[in-house]
Amino acid sequence: MKIENLISANGNKVANQFKVETKNKTYFQSYQSVVAAVYKRSGKVELYQDWDYSNTTRKYLYRFLRENGHSELCNRKAVLNAIKERKVRVYECNPSL
């Protein structure tokens, strides 16, 4: 498992916002909550219960998704649409890493 801070638009490490890489998935973690995962092979996106927790969480979620090949999920409306169309699934519990 590899853990790194996300990088801001200014190129600085962002406190409490992490990218966690495992063998099969790359996760986004905000503080203690796992917010999203992208499968390395298929690119499938999973969201977890806290994905919409705050403006800051969403801001870095969109950055994470962009960096992992999902620039179409660039705002709340686009994510809600993807959930509605069942392109993205939201899980009610956080995975254990």
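Author: Let's start with a term: a strand here is a DSSP run of E with at least two residues, and strands are numbered from the N terminus. With that in hand, Val 34 belongs to strand β4. Keep in mind that we're looking at a predicted model.

Reader: Okay, take Val 34. Is Val 34 buried or exposed?

Author: The idea is to check relative accessible area, with buried meaning under 20%. Val 34 has a relative accessibility of 5%, so Val 34 counts as buried.

Reader: And which residues does Val 34 touch, if I skip those up to four places away in sequence?

Author: Val 34 touches Tyr 27, Phe 28, Gln 29, Tyr 48, Asn 94, Pro 95 and Leu 97.

Reader: How do I read Phe 28, then: buried or exposed?

Author: Phe 28 has a relative accessible area of 0%, so Phe 28 is buried. Setting aside neighbours within four places in sequence, Phe 28 is in contact with residues including Leu 6, Gln 17, Phe 18, Val 35, Tyr 60, Leu 61 and Phe 64.

Reader: What should I look for in a nonpolar core?

Author: In soluble globular proteins, nonpolar side chains tend to be buried together. In this model the largest nonpolar core has 18 residues, and Phe 28, Val 45, Leu 47, Leu 61, Leu 65 and Leu 73 touch the most other members. At least two residues of this core come from each of β4 (33–39), β5 (45–48), α1 (55–67) and α2 (76–84). The largest share, 5 residues, is supplied by α1. Apart from this core there is another, of 5 residues, among them Tyr 27, Val 34, Ala 37 and Tyr 48.

Reader: Let's zoom in on α1. Which of the residues in α1 are buried?

Author: A handy rule first: an α-helix has 3.6 residues a turn, so residues three or four places apart point the same way. In α1, the buried residues are Thr 57, Arg 58, Tyr 60, Leu 61, Tyr 62, Arg 63, Phe 64 and Leu 65. The buried residues of α1 pack against β1 (2–7), β2 (13–21), β3 (25–30), β4, β5 and α2. Leaving out neighbours within four places in sequence, Leu 65 is in contact with Val 38, Val 45, His 70, Ser 71 and Leu 73.

Reader: How many residues does α1 have, and what is its reach?

Author: α1 has 13 residues and reaches 18 Å from first C-alpha to last, close to the 18 Å expected at 1.5 Å a residue.

Reader: What about backbone angles? Where do positive phi values turn up?

Author: Most residues other than glycine have a negative phi, and most peptide bonds are trans. Asn 16, which is not a glycine, has a positive phi near 70 degrees; Asn 16 is found in strand β2 and is partly exposed at 31% relative accessibility. Arg 86 is not a glycine either, and its phi is positive at about 60 degrees. Arg 86 lies in the loop between α2 and β6 and is exposed, with a relative accessible area of 78%.

Reader: Last one: which residues form a nonpolar patch on the surface?

Author: Met 1, Ile 3 and Leu 97 form that patch, with about 340 Å² of accessible area together. Patch residues need over 30% relative accessible area. Leu 97 has 40%, and is partly exposed. As we saw, Leu 97 is also a contact of Val 34.

Technical notes: Residues numbered from 1 in each chain as written. Predicted model: local features only at pLDDT ≥ 70, side-chain atom pairs only at ≥ 80, totals over all residues. Heavy atoms only, no water. Patch = residues over 30% accessible without salt bridge, like charges linked within 9 Å, V, L, I, M, F, W, Y side chains within 5 Å. Areas by Shrake-Rupley, 256 points an atom, 1.4 Å probe, with all protein chains shown as cover. Salt bridge = Lys/Arg side-chain N within 4 Å of Asp/Glu carboxyl O. Buried < 20%, exposed > 50% of the residue type's maximum accessible area, 1.4 Å probe, protein only. Core = buried A, V, L, I, M, F, W, Y, C linked by side-chain atoms within 4.5 Å. Helix = DSSP H or I, 4+ residues; strand = E, 2+ residues; numbered from the N terminus. Contact = heavy atoms within 4.5 Å. Expected span 1.5 Å × (residues − 1).
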